[in-house]
Amino acid sequence: MAARRLAGSPEAADVARPPVVTFRFDGREIRAPHGEPLAVALLAADHPVISRSFRFHRPRALMCSTGQCGWCECEVDGRPSVRSCQVPVRQGLVARSEHAWPSVGRDMFGLLDLGSRWIPPTFYHHRFLRPAALRKRYLDVLRAFGGRGRLPIGRPLRAHPRVERALEVEVLVVGGGRAGVVAADEAAAGGARVALVESVAGRARPTRDGVQVLDGATALGWYDGEVSAIDGAALWSIKAGEVVAATGSYERVPSVRGADRPGVMGARRAVDLIERLRVLPGERPLLVGDEADLAPVRRAFESVGVAPVRSVSTADLRRILGRRGVNGAIITVGGRAQRESADFVAFSDRTPNLDLVLAAGAAVTTRGGVVVPALDEAGRTSVPRLRVVGSATGAAVPAAPPAHVHGRTLACFCEDVHVDEITAQVRAGYGDPELVKRRTGALTGPCQGKYCLQAFTCALAAAGVATTDLPSARPPLRPVRLGDLVPGDES
Amino acid sequence: MSLPSSADVVIIGAGVGGLGAARELAARGIGRIVVLDRGYPGSGATGRNVARIRRMQLTEELSRVAMACQAKYERMGGELRSNVLFYRLGYAWILYDPDEVERMRGIVAMHARLGIRSALLSPDETLRHLPVFEGGDPVAGSVLSDDAIVHHDAVVWAHLDHLASRDVSIHPHTTVTAIERDASRVRAVITDRGRIETRVVLNAAGGWSGDINRLAGVRSPNLPHRREVLVTAPLRRSIEAAVTFYRPSEGWFNQTLRGEIVMGAVDPDEPAGVDQRSSWSFLQRTAALMTRKAPALRDVTVIRQWAGMYDITPDHLPLVGPTARLEGWWQALGWSGRGMMLAPYLTELLADHLVRGTAPDMLRPFLPDRFTATDEAATLETDYYARYVSGAPSR
């Protein structure tokens with residue numbers, strides 16, 4: 001991957017080129033526009049590898065850009081495991097990579113990945129018992145491989161206690177995208193007291209009075225029917241007669257080997273990088289997905305004079321090649337596999353965001369191989385007070401491609417769980433989805449299943465296990481700093 | 001797998017108690033053992049706990065039992081040929097009250113007599129060993145031992161793998177709906193998947209064991225109470241002991257082998273009842289407590305929370321053994337938050353009792369018939385430590 005900065009363009013004219021600041025990443029001095037997301041600044045500085053995966057130290061980089069996938073975590077100003085796509089750079093910022101030696105780009109522990117086949121998640125079950133005298137030593141070694149960030153002992157950040165606030169409304173809309181705003185406006189037009197929770201400050205602009213926008217607030221859970229949310233100043237408990245999940249969709253990372261390589265990204269992110277942030281993520285992009293869905297990203301690349309090397313359907317993508325960055329892909333053309341050279345992959349498939357649906361314990365089902373909420377004609381879930389609108393319903397998502405998933409494809413990126421490891425659990429008699437989760441660690445990482453639920457259920461389905469019987473979702477819906485949960489007095 | 005129509009022993013509950021009992025009974029030559037669970041194996045408190053295996057207790061009697069329990073875990077990996085990740089992480093009571101420190105002198109001396117390695121640390125020594133408390137509420141001292149943790153799920157799988165080789169049949173997702181009995185003895189267990197005739201039933205249903213006892217017409221003074229836990233993203237090795245703040249309402253935390261920090265604090269007003277839902281107030285309460293004691297924890301990232309149940313008895317000791325009023329009805333329940341630690345050893349004693357017909361001495365404090373039918377769960381004291389602080393004698 002060779003990313004570079006683009007010159008400012010007329011489309012971006014309203015974004016004044018801000019002053020340039022200097023920050024450090026792993027000791028290297030990097031210059032970037034003030035306020036640019038740290039992960040983007042690193043990409044533009046041709047430093048794409050930001051983190052390493054927990055178990056096999058696979059190189060990871062900017063992917064979702066929304067603070068969800070966790071692939072861009074690093075230490076920022078002494079705070080461990082910060083999602084760098086959410087951190088605006090400023091003068092003097094100091095960031096360092098975690099969980100890599102000697103450097104995140106060339107990490108010796110990355111060699112573990114070559115042996116991943118022989119280190120299944122259950123590797124310790126019948127090992128490290130002999131001689132008995134060494135049992136603790138074995139676990140000491142295991143412990144040395146654990147952990148990511150450093151606990152900032154002796155230099156804690158300042159506490160910012162938040163005020164506890166309770167809110168009672170007739171309708172609560174979670175998500176301030178188009179569908180969420182429409183739902184909020186409609187409810188307000190009917191005379192209801194409405195609250196709208198939107199995590200991106202300034203994004204939700206309802207037209208009706210009577211919609212209280214919790215701007216920049218993130219929903220953290222469904223607790224006993226109440227929705228909890230957090231923003232910069234408050235911890236919210238929201239009681240609502242009806243909750244509308246307008247939570248949108250996530251990138252559906254292709255179920256192929258190499259899909260987690262730096263330089264694989266959702267199409268919308270690529271568009272945002274090029275058009276808003278003026279960073280070109282690759283010179284030879286391969287586009288993956290339905291042609292119509294790919295039109296915006298194709299236009300974005302072409303607008304800066306870059307012609308995509310090719311576009312292929314999701315079903316025709318077989319493998320993404322490269323180690324610390326994409327250098328090609330195996331695709332099927334006319335029924336034959338061939339290698340295509342590329343330095344970037346943009347995929348357009350998405351999958352509904354089920355966070356709130358699963359947290360509420362509402363039923364899900366599969367449609368075209370995709371896990372979607374089970375809804376009646378009115379969009380209500382099996383939890384009567386919870387309705388789903390917009391892309392969170394999964395109505396518009398493309399079907400998942402037919403299962404020719406390779407066993408060494410990652411089903412869970414946080415824990416590096418391979419598809420064949422899930423199959424092996426089923427074969428060993430541990431096919432209960434909850435046991436598969438516990439024995440492999442799939443769904444238990446920091447992304448909380450957002451990026452692996454689809455692959456997890458596909459892998460189970462392929463092994464003959466009912467797919468709607470998903471492991472219980474556990475709050476919070478998004479990782480949250482312990483210090484941010486401290487309730488304090490209004491001051 | 002279809003349910004058998006009859007069995008020698010039916011065990012209700014595939015948690016550490018039920019699976020432990022199955023292992024011990026099979027080892028004593030009991031045939032046809034059937035284990036039932038309403039969910040998957042370990043779906044109750046077993047799969048929801050943090051598995052601290054601590055010898056250091058507040059009384060000599062309990063410490064002696066705990067020593068045997070820990071020894072059992074230390075052997076478990078070798079015996080079952082499965083690694084349960086027994087690890088001497090260390091264990092610390094953090095004390096904030098000089099009176100508590102004084103009281104601990106006697107307890108540490110008692111530990112020394114028994115051969116338990118514990119030490120009373122000064123405030124400085126405490127911070128040196130556990131720098132995570134730097135900048136927090138000033139500690140008055142601590143008691144540190146070389147106690148251990150295990151991996152709760154690994155304990156379940158070690159038992160499952162072992163039991164599969166012993167022809168014990170385990171039936172998950174099978175709910176007991178009724179118990180058939182006559183005036184004096186058990187006849188059969190009725191489930192949503194069929195009837196199993198048996199002369200011996202072991203109730204090891206954890207948080208649901210009171211309900212199961214009622215199905216059999218047996219009264220017991222145990223009540224389930226929700227307990228909550230949260231876990232953080234993994235951090236590098238930095239906390240060298242499982243920490244408890246002496247009183248349950250003040251909480252506890254420890255770092256797992258993977259580096260995650262698990263923590264929790266008991267809500268003193270938690271009502272009794274079957275409840276495994278997570279709460280928002282727990283997150284806030286725990287965050288406030290822990291960041292005050294250990295400010296470095298402000299920066300850790302909470303990625304998951306869950307809840308399980310303590311099945312609490314009035315004396316905080318489990319009910320393990322037969323039931324006088326109903327022949328064939330055995331109990332291994334009311335673990336009061338110590339099931340993971342106590343169950344493997346106490347179910348070994350229970351199996352001895354069942355096979356030989358007399359209770360081993362070590363089992364006597366735990367026999368269910370120490371409570372009479374008129375003992376009410378209402379006398380339950382949720383703050384178990386209060387009894388020791390007030391100097392009240394232990395049972």
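Predicted model: local features only at pLDDT ≥ 70, side-chain atom pairs only at ≥ 80, totals over all residues.
1. At the β3 end, look at strand β2 (residues 20–25) of chain A. It runs antiparallel to β3(A), and 6 bridges join the two.

2. Strand β6 (residues 73–76) of chain A is covered on both faces. E73(A) and E75(A) lie on one side, C74(A) and V76(A) on the other, and all are buried. Note that the two glutamates E73(A) and E75(A) are among these buried residues.

3. β6(A) has pairing on two sides to check. With strand β7 (residues 79–83) of chain A it pairs in the antiparallel sense over 3 bridges. R83(A) in β7(A) is the bridge partner of E73(A). The hairpin of β6(A) and β7(A) has 2 residues between the strands, and D77(A) there takes a positive phi near 50°. With strand β8 (residues 94–96) of chain A, β6(A) pairs antiparallel over 2 bridges. Here V76(A) stands opposite A95(A).

4. L134(A) belongs to the loop between β8 and α2 (135–145) of chain A. Why does L134(A) count as partly exposed? It has 13 C-beta neighbours inside 10 Å, and a residue is exposed at 12 or fewer, buried at 20 or more. The C-alpha atoms of L134(A) and L443(A) are separated by 32 Å; the two residues are 309 apart along the chain.

5. Helix α4 (residues 267–275) of chain A has these buried residues: A267(A), R268(A), R269(A), A270(A), L273(A) and I274(A). Their cover includes α1 (38–44), β16 (264–266), β17 (279–280), α5 (291–303) and β23 (344–347) of chain A.

6. Now the cores. The largest nonpolar core has 269 residues. Those with the most contacts inside it include L172(A), V174(A) and F456(A), along with I11(B) and V150(B). Helix α8 (residues 339–356) of chain B gives the most to this core, with 10 residues. A second, separate core of 5 residues includes A45(B), M309(B), Y310(B) and I312(B).

7. Take I11(B) in more detail. Leaving out residues up to four places away in sequence, I11(B) touches G18(B), A21(B), A22(B), I33(B), V34(B), V35(B), L202(B) and A204(B).

Technical notes:
Residues numbered from 1 in each chain as written. Chains lettered and ligands numbered in written order. Helix = DSSP H or I, 4+ residues; strand = E, 2+ residues; numbered from the N terminus. Pairing = 2+ DSSP bridges. Core = buried A, V, L, I, M, F, W, Y, C linked by C-beta atoms within 7 Å. Contact = placed C-beta atoms within 7 Å.
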